[in-house]
Amino acid sequence: SVSFMLLGILFCVCLVAANLLETKVVQIWKITATAGLVVFPISYIINDCIAEVWGFRKARLIIWMGFAMNFMVVALGQLAILMPAAPFWEGEAGFAVASLTAFLVGSFLNAYVMSKMKLASGGKNFSLRAITSTLVGESADSMIFFPVAFGGLMPAGELIKMMVIQAVLKTLYEIIILPVTIRVVNYIKKVDGSDVFDEHISYNVLKIKEL
């Protein structure tokens, strides 16, 4: 559907933008975080919408599409690094691995939790499901991304604090924008006529052809 296509495109754009912004560590007041905090949570909100309306199988397709787009950007970035021009910062290799791995784990956990909780609740309590799935996904993402990308570049205590702050702030982002998410989900369900419950499906993340 058009709604699915548009959300899929926005999902990929947000991920690419987040990857570019994650390379910069910013400090606002006494809070240290990455600049990707501005846009990355939007991808989790879109993930929630897709998993809620079209189910885990469509979410799986979009997650792998996002991974492919991210991988292409990273590959092109590495090609640029090899060219005889101004060098990038020394952590780009570790950053690329961390970013792609953390994205896959966090996104699939988010979609899985959303799907399972929808079945268990009979489709009720969307707000609780959206917040819980985001907290699980964002926590896993932070636990993978920060140690690999920034390990050795900052004190361990500061790294752990940034991991916790990042996960909490991204979840708060989800909570604040939740009224908008609910309206978008309800609108898409009404227009698209879809409200999938993932009964008797495989949660194998590699079964991309199973739609």
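## Overview

From the N terminus on, the elements of the protein chain follow the order α-β-β-α-α-α-α-α. That makes six helices and two strands, where helices (H or I, at least four residues) and strands (E, at least two) are DSSP runs numbered from the N terminus. The model is predicted: local features need pLDDT of at least 70 and side-chain atom pairs count only at pLDDT 80 or more, while totals for chains, interfaces and linings use all residues. Residues are numbered from 1 along each chain as its sequence is written, and side-chain values use heavy atoms, with hydrogens and water left out.

**The chain as a whole**

- Of the 211 residues of the protein chain, 45% count as buried; buried means under 20% relative accessible area, exposed over 50%, and partly exposed in between (1.4 Å probe, protein chains only).
- The protein chain exposes about 10700 Å², of which carbon and sulfur atoms supply 73%; accessible areas come from the Shrake-Rupley method with a 1.4 Å probe, and for residues only the protein chains shown count as cover.
- Among contacts with a separation of 6 or more, 78% are between residues 24 or more positions apart, a contact being heavy atoms within 4.5 Å.

- Helix H2 covers residues 40-54, and at 1.5 Å a residue its 15 residues should span 21 Å, which agrees with the 21 Å between its end C-alpha atoms; the expected span is 1.5 Å times one less than the number of residues.
- Because 14 of the 15 residues of H2 are buried, the helix is largely enclosed by the rest of the structure.
- Leu21 belongs to helix H1 (residues 2-21) and is partly exposed, with a relative accessible area of 35%.
- Between Leu21 and Val39 there are 18 residues in sequence and 8.5 Å in space, C-alpha to C-alpha.

**Salt bridges**

- Side chains of opposite charge can pair when their charged atoms come close.
- The structure holds eight salt bridges, each defined as a side-chain nitrogen of Lys or Arg within 4 Å of a carboxyl oxygen of Asp or Glu.
- One of them joins Glu52 to Arg129, with the closest N and O atoms 2.6 Å apart. Glu52 lies in helix H2 and Arg129 in helix H5 (residues 126-150), so this pair ties together parts that are 77 residues apart in sequence. Both Glu52 and Arg129 are buried.
- Glu210 and Arg60 form another, their closest N and O atoms being 3.5 Å apart. This pair links distant parts of the chain, 150 residues apart: Glu210 is in the segment after helix H6 (156-192) and Arg60 in helix H3 (residues 56-82). Glu210 is partly exposed at 27% relative accessible area, whereas Arg60 is buried at 0%.
- Lys170 pairs with Glu138, the closest N and O atoms being 3.8 Å apart. As Lys170 lies in helix H6 and Glu138 in helix H5, the pair ties together parts that are 32 residues apart in sequence. Lys170 is buried at 1% relative accessibility, and Glu138 is buried at 0%.
- A network of salt bridges links Glu52, Lys118, Arg129, Lys189 and Asp195.

**Aromatic rings**

- Nine aromatic pairs are present; rings of Phe, Tyr and Trp (its six-membered ring) pair if their centres lie within 6.5 Å, with planes under 30 degrees apart counted as stacked, over 60 as edge-to-face and the rest as tilted.
- Phe56, Trp64, Phe67, Phe71, Phe108, Tyr112 and Tyr203 are linked into a cluster by ring pairs.
- Trp64 and Phe67 are three residues apart in helix H3, separated by about one helical turn. Trp64 counts as buried at 19% relative accessibility.
- Lys118 lies over the face of Phe197, at 4.7 Å from the ring centre; a charge sits over a ring if NZ of Lys or CZ of Arg is within 6 Å of the ring centre and within 35 degrees of the ring normal.
- Lys58 lies over the face of Phe4, at 5.1 Å from the ring centre.

**Positive phi angles**

- Most residues other than glycine have a negative phi.
- Asn125, in the loop between helix H4 (92-121) and H5, has a positive phi of about 55° although it is not a glycine.
- His200, in the segment after H6, has a positive phi near 60° and is likewise a residue other than glycine. His200 is exposed, with a relative accessible area of 86%.
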